[in-house]
Amino acid sequence: KMKRKFIAGVLSFLLAVSTMAETAAAAELTDNAEVSEAAQISLENRIWDLSSDTTAERPLVEGTTGEFDGILIDATNGKFAPRTPETGGTDTQINAGTILTIPVAANNDGAQLTITLSGGTGTVEINGQSYTDASKVISVDLPASEEDTSCDVTFVPNSDGSNSTYVASIALSYNEPAEEYP
């Protein structure tokens, strides 16, 4: 009887240790998966829908600062104003003087920032360089970066003298690595 209790105790102890080891291993895998998933998310291509079709709430920011889905908005000298069919549009009006700070993940191959207009014209400055729309699209190549960074997009008066740009979306697409040949 004593031998049976001893064996039962040893088996119980081994089962408990085994369960604890599995729990620790599972926790470690979960932590690693979360880190890996977070890293993948930051390098995924992004589209910020600034139309009235979006399910995300677009804030009205004028004379102050705000945020929209990770984009920092500095409208202390401008305006970021969502429009709906009831207010005369289905986009977001961004006035000259507004600065959008777009998050850009560390990447080896650069990225493409694309601002799609719903109509009219648009002019932005990035790193002191001016970009104007071509067929309702402003497209800017962003350099590779070893660290997470951001891109400041400053809206400036348009070539036609207007101060408003009507934006439907902003997209950030990471460039694919160049193919390597043997």
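How many bridges join S3 to strand S4? Four bridges join S3 to S4, which covers residues 71-74, and the two run antiparallel. This pair belongs to an open sheet of six strands. The model is predicted.

**Overall make-up**
- The protein contains one helix and 13 strands.
- The protein has 182 residues, and 32% of them are buried.
- The protein exposes about 11400 Å². Carbon and sulfur atoms supply 53% of that area.
- Take the contacts with a separation of 6 or more: residues 24 or more positions apart account for 66% of them.

- Strands of a sheet pair through backbone hydrogen bonds, and the pairing can be parallel or antiparallel.
- Here the pairing is antiparallel, and the strand order is S3-S4-S7-S12-S9-S10.
- Which strands stand at the edges? They are strand S3 (65-68) and strand S10 (129-132).
- Each of these edge strands has a single partner strand, so one side of each is left without a neighbour in the sheet.
- From one strand to the next, the twist averages 25°.

**A close look at S3 and S4**
- S3 spans residues 65-68, and S4 spans residues 71-74.
- Which residue in S4 does Phe68 stand opposite? Phe68 stands opposite Ile71.

Terms used
Residues are numbered from 1 along each chain as its sequence is written. This is a predicted model: local features need pLDDT of at least 70, side-chain atom pairs count only at pLDDT 80 or more; totals for chains, interfaces and linings use all residues. Side-chain values use heavy atoms; hydrogens and water are left out. Buried means under 20% relative accessible area, exposed over 50%, partly exposed in between (1.4 Å probe, protein chains only). Contact means heavy atoms within 4.5 Å. Accessible areas come from the Shrake-Rupley method with a 1.4 Å probe; for residues, only the protein chains shown count as cover. Two strands pair if DSSP finds at least two bridges between them. Axes are lines fitted to C-alpha atoms, for helices over the stretch in contact, and angles run from 0 to 180 degrees between N-to-C directions.
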